[in-house]
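Student: I have just opened this structure and would like to learn how its parts are described. Could you take me through the terms one at a time?

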Amino acid sequence: MNTIREFKKKLTDFYGRYSAYADILIKFLTALCAYLWVRSVTGYSAVFSNIFILLVLALVSSVLPSGSIALISGILVAGQAFGLGLDVGGVVTAVLVILFILFLRFIPEDSTAAVLMAMGVWFGFGALVPLVCGLRKRLASVFSLASGVVICQLVRTMGATRESLSLLEATAYPDRLKLFMGAMFRPGLVVGCVAAMAAAAVVYLLALAGFRYCLETASAAGAVIYVVLTAVGSSVLGAGTDLTAVIVGSAASLVVALILSFLWISLDYKKSEKFRIEDDEYYYYVKAIPKAKTDGAPYEAPEPGEAAADEAPLVERPEVDDIDFESRLEESLKNL
């Protein structure tokens, strides 16, 4: 365990030293993965699928605020939707604009979580982002999770209705919209939103409890809640979800979430302390839990007569009896 903590400390020191470059690299990789995901699951428009354009957009996103990743991803999804027709593009754009307005109103700083949630649901790791958001102790992230499920459903519907839409005339807007909207608003959309939001809320509440192993317990409870709600919702509403894939993905998400929580923060509950602070009106009860640190190399006492390398040399202090406090006080009064 001490070796893992030493690795964590080295990683933290490295990030602290090169944080400016690391942030740019992380945002570039996140943006590139998101844009390539949109391209791989859609690919209906040649312009929005151009790899050179996607690389340029990823480079631009690396120097912009993190919210730009969600904005550009939405533009790419809308552009791909117009490749299926003006009616489909209009519906997808309207849904994305509504989500964008909700982002600006409630969660402007968590918009990237929506894109990551959409990718997680697509690849079978729908519980990962809810667990991580709950461990971050940000309850407002539930709006991002629901938005991510909606975005994933949008992309999935575009692929599921592509052949059926091609059989209809381009001007048969009522039939085309009925087909697309019917495939869009399926029971699985409601089940996914509820399961993700509930899992994040459970992790958030348990992580705030502050008992020993609360982060691990919260992550496990969130994964179980996600699986149970998905299974119950699929059974009641007839969503037709593959429960085996959900269980395997949730178990893998739990492992990744535990690793990330250890890298973010590792608490030493054995050294927790409780304090009581008071003022003129209130008493404040505070529980302090220190972060776990590496034990470090064992201390070796210096040889007699030698000072330790990291210790300052001793300074001889004058004896108290040798100081004439009366004369010092007279000089101070004269100066005043």
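**Reading the terms from the numbers**

Tutor: Gladly! This is a predicted model, in which local features need pLDDT of at least 70 and side-chain atom pairs count only at pLDDT 80 or more, while totals for chains, interfaces and linings use all residues. Residues are numbered from 1 along each chain as its sequence is written, and side-chain values use heavy atoms, with hydrogens and water left out.

Student: How many helices and strands does the protein chain have, and what makes a stretch count as one?

Tutor: The protein chain has 14 helices and two strands. Both are DSSP runs numbered from the N terminus: helices are H or I with at least four residues, strands are E with at least two.

Student: What makes alanine 58 buried?

Tutor: Buried means under 20% relative accessible area, exposed means over 50%, and partly exposed is in between (1.4 Å probe, protein chains only). Alanine 58 has 0% relative accessibility, so alanine 58 counts as buried. Alanine 58 lies in helix H3. Across the protein chain, buried residues make up 35% of the 336 residues.

Student: Which residues does alanine 58 touch?

Tutor: Contact means heavy atoms within 4.5 Å. Not counting residues up to four places away in sequence, alanine 58 touches Phe28, Ala31, Leu32 and Tyr35.

Student: Why are H3 and H4 called roughly antiparallel?

Tutor: H3 and helix H4 (residues 67-82) pack at an angle of about 155 degrees, with their axes 10 Å apart. Axes are lines fitted to C-alpha atoms, for helices over the stretch in contact, and angles run from 0 to 180 degrees between N-to-C directions. Angles under 35 degrees count as roughly parallel, over 145 as roughly antiparallel, 65 to 115 as roughly perpendicular and the rest as oblique. The angle of about 155 degrees is in the range over 145, and therefore H3 is roughly antiparallel to H4.

Student: Which residues make that contact, and how do they divide into nonpolar, polar and charged?

Tutor: H3 brings Leu54, Leu57 and Ser61, and H4 brings Ser68, Ile69, Ile72 and Leu76. They divide into five nonpolar, two polar and no charged. Here Ala, Val, Leu, Ile, Met, Phe, Trp, Tyr, Cys and Pro count as nonpolar, Asp, Glu, Lys and Arg as charged, and the others, Gly among them, as polar.

Student: How do you know that H8 and H11 are roughly antiparallel?

Tutor: The axes of helix H8 (residues 142-160) and helix H11 (residues 187-207) come within 9 Å and cross at roughly 155 degrees. H8 and H11 are therefore roughly antiparallel to each other. Their contact divides into ten nonpolar, two polar and no charged residues.

Student: Is the crossing of H8 and H11 left-handed or right-handed?

Tutor: The crossing of H8 and H11 is right-handed. A crossing is right-handed if the near helix is turned clockwise from the far one by less than a right angle, and left-handed if anticlockwise.

Student: What makes tryptophan 37 and tryptophan 122 an edge-to-face pair?

Tutor: Rings of Phe, Tyr and Trp (its six-membered ring) pair if their centres lie within 6.5 Å; planes under 30 degrees apart count as stacked, over 60 as edge-to-face and the rest as tilted. By this rule there are two aromatic pairs. Tryptophan 37 and tryptophan 122 are 6.2 Å apart centre to centre, with 75 degrees between the planes, and form an edge-to-face pair. Tryptophan 37 lies in helix H2 (residues 19-41) and tryptophan 122 in helix H6 (residues 111-122), so the pair ties together parts that are 85 residues apart in sequence.

Student: Why is tyrosine 282 with tyrosine 284 called tilted instead?

Tutor: Tyrosine 282 and tyrosine 284 are also a pair, at 6.2 Å centre to centre, and the 50 degrees between their planes make the pair tilted.

Student: Are tryptophan 37 and tryptophan 122 buried or partly exposed?

Tutor: Tryptophan 37, at 4% relative accessibility, counts as buried. Tryptophan 122 has a relative accessible area of 31%, so tryptophan 122 is partly exposed.

Student: What about tryptophan 264: where does it lie, and which residues does it contact?

Tutor: Tryptophan 264 lies in helix H13 (residues 243-264). At 47% relative accessibility, tryptophan 264 counts as partly exposed. Leaving aside neighbours within four places in sequence, tryptophan 264 is in contact with Lys8, Val132 and Arg136. Tryptophan 264 and threonine 12 are 252 residues apart in sequence and 9.1 Å apart in space, C-alpha to C-alpha.
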